[in-house]
Amino acid sequence: MIKYITLDCEGDALNKEYNRQVFPDGNHFDPESRIWSVTFCRPDMVTRTFVSKIPYTRQLPRYYRHKNGTMMNRTLAYHNPTNVVPKNLIINDGSSHIVKEITDYTEFLIKLRDMIEECPWQIAFKGFGSHDYDVELLKVNFDRFHVAYNKDMFNKLVNINIPKSNWKATHCQTQAGHNIPNQQYMINGIIHNIEDTIELQEYLNNGDK
């Protein structure tokens with residue numbers, strides 16, 4: 001039986017509805033997306049999460065229509081500098097998970113590269129159909145911030161297509177500024193990130209692939 005580490009990346013890109021307005025072509029990928037939370041989950045369900053807070057919103061190449069009707073050309077996700085990234089986070093099932101903040105963004109990316117390169121197993125991620133979003137997100141960030149990497153390391157990453165009926169909703173993320181403190185908005189995103197890797201690992205451990 002093949003063993004997998006599971007991986008999930010959270011970025012600062014817009015939600016699907018808005019993003020398709022800004023990037024109408026192809027797979028709607030935002031090439032300047034910034035990664036801010038990444039979780040790895042082992043087959044024994046032990047996780048490691050790395051966080052680098054989003055310091056600002058980004059200007060986009062096109063406008064999109066916000067739900068309130070206004071036209072906007074900036075991303076929405078950001079984290080207040082005073083937000084505290086917890087060293088341990090208890091998620092909805094009651095389990096505790098280690099979280100490490102890496103404030104320097106290049107150091108954060110180097111840590112992600114090292115985790116992937118040194119992993120002895122294949123690394124599974126949940127793609128959007130045939131779109132390898134997590135792989136593309138890692139590559140564009142490594143390249144933009146001049147983090148050297150062995151291209152062969154991406155051969156370890158495997159897109160697992162899960163039927164929607166087999167995937168239960170994980171912890172809700174709320175857009176920044178939507179009536180919750182920014183600290184809680186950040187925590188929600190980290191929990192969502194952790195739970196996505198756990199659910200994918202459970203799917204693989206049950207032999208559903």
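Start in the loop between helix 3 (133–144) and strand 9 (157–160), where you find His146. One reminder: this is a predicted model. His146 has a positive phi, about 55°, and is not a glycine. Is His146 buried or exposed? Exposed, with a relative accessibility of 71%.

Next, Met45. Here too phi is positive, about 75°, and again the residue is not a glycine. Where is Met45? In the loop that links strand 2 (35–41) to strand 3 (47–51). Met45 is partly exposed, at 26% relative accessible area.

Now a glycine. Gly69 takes a positive phi near 95°. Gly69 belongs to the hairpin of strand 4 and strand 5, with five residues between the strands. Let's look at that pairing. Strand 4 covers residues 59–65, and strand 5 covers residues 71–74. How do they run? Antiparallel, joined by three bridges.

Last, the cysteines. Cys9 has a relative accessibility of 5%, so it counts as buried, the cut-off being under 20%. Cys119 comes in at 11%, so Cys119 is buried by that cut-off as well.

That's the tour. Questions, please.

Key
Residues are numbered from 1 along each chain as its sequence is written. This is a predicted model: local features need pLDDT of at least 70, side-chain atom pairs count only at pLDDT 80 or more; totals for chains, interfaces and linings use all residues. Side-chain values use heavy atoms; hydrogens and water are left out. Helices (H or I, at least four residues) and strands (E, at least two) are DSSP runs, numbered from the N terminus. Buried means under 20% relative accessible area, exposed over 50%, partly exposed in between (1.4 Å probe, protein chains only). Two strands pair if DSSP finds at least two bridges between them.
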